[in-house]
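Student: Can we go through this model together? I'd like to start with the pocket.

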Amino acid sequence: MPAAAAGTLRLGDLTVNRMAFGAMRVAGPDIWGEPRDRAAMRKLLARAFELGHTFFDTADSYGPDVSETLIAEALHPFPKELVIGTKGGLVRPSRHRWDRDGRPEHLRGAVDGSLKRLRLERIDLYQFHAPDPSVPFAESVGTLAELQRAGKIRHLGLSNVSVRELGEARRIATIVSVQNEYNLENRSSDDVLAACEKAGIAFIPWYPLGAGRALRPAKVKRVAVRLGATPAQVAIAWLLARSPLMLPIPGTSSIAHLEENAAAAALGLTPDDVAVLDG
Ligand SMILES: NC(=O)c1ccc[n+]([C@@H]2O[C@H](COP(=O)([O-])OP(=O)(O)OC[C@H]3O[C@@H](n4cnc5c(N)ncnc54)[C@H](OP(=O)(O)O)[C@@H]3O)[C@@H](O)[C@H]2O)c1
């Protein structure tokens, strides 16, 4: 199980392998509609678990509904080690739109929809996908805290938040994770990562490969050649080395890339490699 090589991390009372899987790209092109080959995507999801990824990140907006449905088709009844983190708070009125909707009535329906598609009675990690500027943040988080008290959600996470928003949410509910964009090429959430470290909660970097951009810099290629690794493996290993609370979720629709990425869990960067990549 190569993905187990990077050790584990806690999400509340749950333990997952730090090398995780982003299941957004099992939906169709532009994360819209069905994939070209559903059976191949089910196989990819099953392979991701076999390789030791015990945390899968998804969202109701991926497809919409497609990623969650395929995860259930591929792996339900879920093995007890597998933790599914889904998200709600975005809607897809058309292919290129990702609109925010943090209204209580929307979030209540969204949680019920995810429970149904994932065939669960309780969602292990439910992440508020993004603050909605037209709804007070405390009202959205408060609604999710109510759903947690009602037993529909085990743990709450946030996504696309600032340090201030994280602090506000933590005054309302227990937050176990934050998911923001973070990779070698975009470290604008360094302050949020530091706040997560201070609070002892997981930081889930989305776009861990910068959607491909983090594989291009010459320094990444140089370290990869030195280690006999690939640029994607170096980009993931840098994240894993960056913080013990980092839970990378690289996404792919290719089994070859999935296997390559899982092997990054065992890639040891030297302090010199880290210094080169940090620069
Ligand atoms: N919270 C949010 O707002 C938010 C936003 C975006 C994403 N996410 C989450 O973050 C996860 C990861 O994001 P992502 O998939 O968009 O970006 P990513 O992991 O940074 O990069 C994925 C891209 O890199 C390619 N790739 C993957 N492995 C590779 C390898 N070994 N060599 C070369 N290319 C490789 C993939 O293409 P192939 O398919 O060809 O491998 C894909 O185009 C998603 O699955 C989703 O769960 C969350």
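Student: By class, how many nonpolar, polar and charged residues are in the lining of the largest pocket?
Tutor: This is a predicted model, to start with. The lining of the largest pocket has 17 nonpolar, 10 polar and 6 charged residues.

Student: How much space lies in that largest pocket?
Tutor: About 720 Å³. The lining counts 33 residues, and the closest to the pocket centre are M24, R25, W206, Y207 and A211.

Student: Which element gives the largest share of the lining?
Tutor: Helix α9, with 3 residues. Both β11 and α9 (255–263) supply at least two residues each.

Student: OK, β11 is a strand. What is the strand order in the open sheet?
Tutor: The order is β3-β4-β5-β8-β9-β10-β11. That makes 7 strands, with parallel pairing.

Student: Which strands stand at the edges?
Tutor: β3 (21–22) and β11 (202–206). Each has a single partner strand, so one side of each is left without a neighbour in the sheet.

Student: And inside the order, how many bridges join β8 to β9?
Tutor: 5 bridges, between residues 123–128 of β8 and residues 153–159 of β9. The two strands run parallel. I123 stands opposite I153 in β9.

Student: Switching to charges. How many salt bridges does the structure hold?
Tutor: The structure holds 21. One of them pairs R117 with E68, with the closest N and O atoms 2.7 Å apart. R117 lies in helix α3 and E68 in helix α2, so the pair ties together parts that are 49 residues apart in sequence.

Student: Is E68 buried or exposed?
Tutor: Buried, at a relative accessible area of 0%.

Student: Which residue does R213 meet in a salt bridge?
Tutor: E181, at 3.8 Å from N to O. R213 is in the loop between β11 and α7, E181 is in strand β10, and they are 32 residues apart.

Student: How do R213 and E181 compare on accessible area?
Tutor: R213 is partly exposed, with a relative accessible area of 40%. E181 is buried, with 18%.

Student: What about R226, which residue is its salt-bridge partner?
Tutor: D273, with the closest N and O atoms 2.8 Å apart. R226 sits in helix α7 and D273 in helix α10, 47 residues apart. D273 is buried, with a relative accessible area of 3%.

Student: Last one. Which residues are linked in a network of salt bridges?
Tutor: E34, R38, R42 and E73 are linked that way.

Terms used
Residues are numbered from 1 along each chain as its sequence is written. This is a predicted model: local features need pLDDT of at least 70, side-chain atom pairs count only at pLDDT 80 or more; totals for chains, interfaces and linings use all residues. Side-chain values use heavy atoms; hydrogens and water are left out. Two strands pair if DSSP finds at least two bridges between them. Helices (H or I, at least four residues) and strands (E, at least two) are DSSP runs, numbered from the N terminus. On a 1 Å grid over the protein atoms alone, a cavity is a set of points where a 1.4 Å probe fits but cannot get out, and a pocket is an open set with protein on both sides within 12 Å along at least five of seven lines; lining residues have an atom within 4 Å of a point. Grid points are joined across faces, edges and corners, and a volume is the space filled by probe spheres set on the points. Ala, Val, Leu, Ile, Met, Phe, Trp, Tyr, Cys and Pro count as nonpolar, Asp, Glu, Lys and Arg as charged, and the others, Gly among them, as polar. A salt bridge is a side-chain nitrogen of Lys or Arg within 4 Å of a carboxyl oxygen of Asp or Glu. Buried means under 20% relative accessible area, exposed over 50%, partly exposed in between (1.4 Å probe, protein chains only).
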